[in-house]
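The report below describes a structure shown as sequence and coordinates. Please read it with the model open alongside.

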Amino acid sequence: MFCLSELEDTVRVPPSDLNLPLEVAIKKALQKLFLDKVLSIGLCVAIYGIKSIEGGFVLPGDGAATYKVVFRIVVFRPFVGEVIAAKFKESDSNGLRLTLGFFEDVYVPAPLIPTPNRCEPDPYNRNQMRWVWKYGDDEFIIDDSCQQIKFRVENISYPPVPTERAEDAKPFAPMVVTGTIDDDGLGPVSWWEACAPISDDED
Amino acid sequence: MRGALPNWGLTKGKGNWFHALVSSPASRHDQKNYIPTSFFDHHQKNITYLFSPIKSHKTVRMKANAGTLTNFEVLDLLNSRGASNDTTRVIAPISTSEYTRLHVVYDYLMETPACTQTLEIITNFSDQCKYFKLAKAEILNIINTRPSSTVNLAPILEEPSERGIDKKAKEGILKLVEALLPPPPIVEARGENEEEETEEGEQS
């Protein structure tokens with residue numbers, strides 16, 4: 001789910017950092033710029049290393065040195081078809097929301113929850129809805145008690161920054177991963193712990 | 001409905017990604033002459049000029065995919081940055097934001113099978129996998145999730161019947177997983193023990 005990406009960028013090292021060794025100062029500036037930010041390639045997690053540094057010119061009117069740096073970063077970018085284990089975060093009538101700790105915008109929309117299912121108001125938490133999967137005679141609940149929920153990535157989207165938003169809208173998510181739990185082996189891990197294949201010919 | 005698996009291409013040349021990792025120890029991740037740990041060989045021509053969403057920048061030239069990393073490789077990188085050492089949580093030589101982010105990712109990865117893997121294990125495993133003619137993305141999935149039964153393996157394999165992967169082949173893959181990849185840590189119930197788990201007990 002992580003990739004290395006190579007970038008080239010112009011980095012400005014503020015004058016207060018100029019007493020540090022060059023690589024340390026540039027790394028500090030890079031971290032401030034890229035860490036925790038979502039680029040078009042994904043969520044930047046860590047700076048992997050610096051490949052080359054050029055320049056070091058001081059532009060007129062500015063006390064900072066500007067460098068052209070080629071470096072590599074580790075980005076979180078799952079590929080379509082990847083199976084990832086996540087934790088339950090919340091659910092509403094549109095579907096589930098899962099979290100990976102460092103990334104919290106994984107959504108499983110209602111059509112990708114195994115059918116037949118139903119959504120009922122959560123008896124323990126008044127604001128939330130709870131999804132229940134009905135299979136044969138058994139009912140399986142998806143809620144906070146599931147330790148790990150496996151999902152498969154269907155799509156990654158980067159919604160554009162909204163210009164206007166309603167007052168109580170959710171905080172803007174620059175990167176949204178859509179997942180499915182509608183397949184063998186997906187969904188809460190506890191569902192599949194003690195099970196045997198139904199038939200011998202698998203598709 | 002599944003999207004097509006990306007076209008990963010073949011690994012070119014003798015420069016196996018794991019040889020690159022083996023030749024330089026984890027503590028030297030920052031060296032400039034470090035060869036990329038490309039799990040999948042990248043296409044050199046993929047340089048795109050894009051507008052970065054960061055306000056102060058106009059253009060950032062980039063190569064989007066310089067190599068895919070398994071969870072283990074990222075965990076190894078974080079370990080080399082000192083993420084595992086608990087004392088650094090108090091005395092942080094690095095900035096707060098990188099610190100928090102690294103630790104959050106670290107905590108997540110420690111709960112996946114990656115925390116019990118080593119470089120030799122995953123090299124060995126992916127070498128053995130070629131008997132089953134699996135796509136590289138599937139090998140990556142298997143290394144990251146370590147399926148322990150057919151049902152866990154099912155969402156990873158794409159169109160197994162059309163590719164001639166029958167029940168016997170699936171059992172073969174599972175046996176390989178069982179033999180080569182160590183079992184994942186036991187995830188405690190949330191709210192209880194949050195420290196790293198040592199490997200206790202086998203997978204049943």
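This is a predicted model, in which local features need pLDDT of at least 70 and side-chain atom pairs count only at pLDDT 80 or more, while totals for chains, interfaces and linings use all residues. Residues are numbered from 1 along each chain as its sequence is written, chains are lettered from A and ligands numbered from 1 in the order in which they are written, and side-chain values use heavy atoms, with hydrogens and water left out.

Helices (H or I, at least four residues) and strands (E, at least two) are DSSP runs, numbered from the N terminus. Strand β4(A) is mostly covered, since 11 of its 12 residues are buried, where buried means under 20% relative accessible area, exposed means over 50%, and partly exposed lies in between (1.4 Å probe, protein chains only). Two strands are taken to pair if DSSP finds at least two bridges between them. Strand β1 (residues 2-13) of chain A runs antiparallel to β4(A) and is joined to it by 12 bridges, with Ser5(A) standing opposite Ile73(A) of β4(A). Strand β3 (residues 42-58) of chain A is likewise antiparallel to β4(A), through 12 bridges, and here Ser52(A) stands opposite Val70(A). The strands β3(A) and β4(A) form a hairpin with 6 residues between them, and Gly61(A) in the turn has a positive phi of about 85 degrees. In a regular strand the side chains alternate between the two faces of the sheet.

**Helix α1 of chain A**

Among the buried residues of α1(A) are Ala25(A), Ile26(A), Lys27(A), Gln31(A) and Phe34(A). The helix is followed by Asp36(A), which is found in the loop between α1 and β2 (38-39) of chain A.

**Aromatic pairs and nonpolar cores**

Rings of Phe, Tyr and Trp (its six-membered ring) pair if their centres lie within 6.5 Å, with planes under 30 degrees apart counted as stacked, over 60 as edge-to-face and the rest as tilted. By this rule the count comes to 6 aromatic pairs over all chains. One of them joins Phe34(A) and Phe71(A) in a tilted arrangement, at 5.3 Å centre to centre and with 55 degrees between the planes. This pair links distant parts of the chain, as Phe34(A) belongs to helix α1 (residues 22-34) and Phe71(A) to strand β4 (residues 65-76) of chain A, 37 residues apart. Ring pairs also link Phe2(A), Phe76(A), Phe102(A), Phe103(A) and Tyr108(B) into a cluster.

A nonpolar core is a set of buried Ala, Val, Leu, Ile, Met, Phe, Trp, Tyr and Cys residues joined through side-chain atoms within 4.5 Å. Of the 69 residues in the largest such core, Phe2(A) and Phe76(A) touch the most other members, and helix α3 (residues 96-110) of chain B gives the most to this core, with 6 residues. A second, separate core of 23 residues includes Leu7(A), Val11(A), Leu39(A) and Ile50(A). With contact meaning heavy atoms within 4.5 Å, and leaving aside neighbours within four places in sequence, the contacts of Phe76(A) include Met1(A), Phe2(A), Leu43(A), Phe103(A) and Met175(A).

**Chain B**

Chain B has 7 helices and 3 strands, and its elements run α-β-β-β-α-α-α-α-α-α from the N terminus on. Of its 204 residues, 44% count as buried. Among contacts in chain B between residues at least 6 apart in sequence, 64% join residues at least 24 apart.

Asn152(B) lies in helix α6 (residues 150-153) of chain B. Leaving aside neighbours within four places in sequence, Asn152(B) is in contact with Lys150(A), Gly185(A) and Pro147(B). Between Asn152(B) and Leu174(B) there are 9.8 Å, C-alpha to C-alpha, although the two are 22 residues apart in sequence. Arg146(B) is found in the loop between α5 (136-145) and α6 of chain B. This residue has a positive phi of about 45 degrees although it is not a glycine, and Asp36(A) likewise is a residue other than glycine with a positive phi, near 70 degrees.

**Accessibility of the residues discussed**

| Residue | Relative accessible area | Class |
|---|---|---|
| Phe34(A) | 1% | buried |
| Phe71(A) | 0% | buried |
| Asp36(A) | 33% | partly exposed |
| Arg146(B) | 4% | buried |
| Asn152(B) | 17% | buried |
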